[in-house]
Amino acid sequence: MSRSAHPAGPRHADVLPEGHYSAPPADLNTLDPKVWSQTVTRDGDGVATVGGIDVKTLAEQYGTPAYVLDEADFRARARAWRTAFGHDADVFYAGKAFLSRAIVRWLHEEGLNLDVCSGGELATALSAGMPADRIAFHGNNKSTEEITRAIENGVGRIVLDSFQEIVRVAHIARELGKRQRVQIRITVGVEAHTHEFIATAHEDQKFGIPLAGGQAAEAVRRALQLDSLEVIGIHSHIGSQIFDMSGFEVAAHRVVGLLKDIRDEHGVELPEIDLGGGLGIAYTSDDDPREPHEIAKALTEIVSRECDAAKLRTPRISVEPGRAIVGPTAFTLYEVGTIKPLDGLRTYVSVDGGMSDNIRTALYDAEYSVALVSRTSDAEPVLARVVGKHCESGDIVVKDAFLPADLAPGDLIAVPATGAYCRSMASNYNHVLRPPVVAVADGESRVIVRRETEEDLLRLDVG
Ligand SMILES: *Cc1c(COP(=O)(O)O)cnc(C)c1O
């Protein structure tokens with residue numbers, strides 16, 4: 001690891017360019033437990049450790065970039081959700097956030113259920129031994145082959161997303177001589193993201209069947225007539241990275257309104273209501289997510305209050321957190337390659353990964369934090385932008401963050417809260433190889449998803 005001197009970037013005392021950053025933190029060496037997984041700390045030499053292993057050892061053993069996943073933290077979060085919702089509710093982990101066979105086994109052991117939304121996710125779940133009746137199958141365009149495989153394997157529920165799919169799933173179930181448990185996904189006209197929600201006009205999207213105009217009621221009417229379907233409930237998912245519970249309040253009110261209409265029209269009280277996922281996590285120290293027990297309490301109260309008002313028996317609730325379980329449990333470990341201070345602007349720090357291992361910044365303008373983890377530093381903070389090695393100027397991992405002025409090539413930096421939607425959305429752009437996922441627990445580490453090789457790439461390219 002060579003260390004070369006470089007001219008310093010702009011100081012925080014200078015006029016800073018526009019961006020989403022607050023003042024530099026008092027101490028760049030502190031690893032805020034809000035954004036880092038539970039077992040992350042620094043050892044006596046100032047090197048960050050996770051699960052009792054220091055990041056230099058991990059980098060030497062597995063190379064960089066690498067996603068480092070804190071197994072104890074994952075299990076603790078999964079368990080916290082399970083415990084918070086108790087036995088009268090189900091927690092379905094949203095597999096699309098990050099799915100691997102180790103994850104499936106941990107979820108199974110911790111008593112969670114699993115959402116999948118493709119044949120590939122279903123295959124992963126089944127191959128790792130998740131009981132099919134604890135799997136829910138989602139998606140707005142499941143193929144006939146996927147539906148067939150799901151029903152043949154006995155998945156616990158299929159979430160119906162369109163009028164065509166009601167008929168399609170009913171037909172396939174009948175052909176297979178089965179009665180399939182289904183939920184109907186509706187859009188309630190609420191969309192929530194982060195601190196805001198909008199309570200009208202968000203039916204203009206591809207998922208679900210609109211409540212508006214009686215379409216959802218019509219979907220239920222049709223599904224109830226089909227013998228090969230057992231309609232167990234209504235499903236609503238309102239958004240992502242949500243901190244404010246008021247969107248769920250409006251959604252629950254509207255879903256319960258539909259349950260009441262169904263009871264009045266058909267004389268049936270559907271036994272389940274699924275309120276989806278979307279609960280937010282802390283990507284930076286400015287974010288204040290709620291704890292699972294607060295979320296469980298709020299959602300349970302909202303649903304039972306609405307049901308009491310509608311004189312309905314309170315249905316069994318299910319929720320589908322993805323990000324809130326896996327997001328905070330991993331960080332991406334990178335090695336610094338080049339450093340370019342741009343006078344009056346900021347310092348560009350290039351790492352050995354980028355938009356191929358974290359597309360969220362480019363895709364959603366997402367915010368992340370970053371820290372020097374291979375050592376501590378008392379140098380002053382400089383405004384930095386962490387960028388990747390791809391041929392794209394939008395290849396940004398962390399838009400604005402402060403790093404110490406003495407940062408040098410060869411240093412290891414890490415971006416926390418990359419457990420969700422990073423490996424699962426990773427690509428081979430520029431034929432860059434997707435990083436491994438390394439799980440650490442109790443002083444031991446192991447690869448749960450290995451690094452891609454050039455051989456893997458060339459195997460697909462059959463000439
Ligand atoms: C994406 C998704 C989730 C999980 O969302 P998170 O933001 O990861 O909690 C849950 N349910 C459905 C239907 C989804 O599409």
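Predicted model: local features only at pLDDT ≥ 70, side-chain atom pairs only at ≥ 80, totals over all residues.

A: A polar contact here is a pair of N or O atoms within 3.5 Å.

An oxygen atom of the ligand lies 2.5 Å from an N or O atom in the side chain of Tyr421. For Lys96, an N or O atom of the side chain is 2.6 Å from an oxygen atom of the ligand. Gly278 takes part through its backbone: one of its polar backbone atoms is 2.8 Å from an oxygen atom of the ligand. Taken alone, the ligand exposes 390 Å², and the protein buries 92% of that.

The shell can be described next. Around the ligand there are 14 residues, and those that come nearest are Lys96, Gly278, Glu320, Arg323 and Tyr421. Sorted by class, this shell has 7 polar, 4 charged and 3 nonpolar residues.

Now for the space itself. Rolling a probe the size of a water molecule over the atoms shows where empty space is left. The ligand sits in the largest pocket, which holds about 1,100 Å³ of space. This pocket is lined by 47 residues, and Lys96, His237, Gly239, Ser240 and Arg323 lie nearest its centre.

Several secondary structure elements contribute to the lining of the largest pocket. Strand S6 (113–116), strand S10 (191–194) and strand S14 (239–242) each supply at least two residues, as do helix H10 (323–326) and helix H11 (360–364). By class, the lining of this pocket divides into 19 polar, 14 nonpolar and 14 charged residues.

The structure holds 5 cavities of 30 Å³ or more, and the largest cavity has about 70 Å³ of space. Its lining has 12 residues, of which Ile186, Thr187, Val188, Gln205 and His237 lie nearest the centre of the cavity. In this lining, 5 residues are nonpolar, 6 are polar and 1 is charged.

Terms used: Residues numbered from 1 in each chain as written. Heavy atoms only, no water. Near = heavy atom within 4 Å. Polar contact = N/O pair within 3.5 Å; in protein donor to acceptor, adjacent residues only side chain to side chain. Areas by Shrake-Rupley, 256 points an atom, 1.4 Å probe, with all protein chains shown as cover. 1 Å grid on protein atoms, 1.4 Å probe; cavity = no way out; pocket = protein on both sides within 12 Å on 5 of 7 lines; lining within 4 Å. Sits in = over half its atoms within 2 Å of the grid points. Nonpolar A, V, L, I, M, F, W, Y, C, P; charged D, E, K, R; others polar. Points joined across faces, edges and corners; volume = space filled by probe spheres on them. Helix = DSSP H or I, 4+ residues; strand = E, 2+ residues; numbered from the N terminus.
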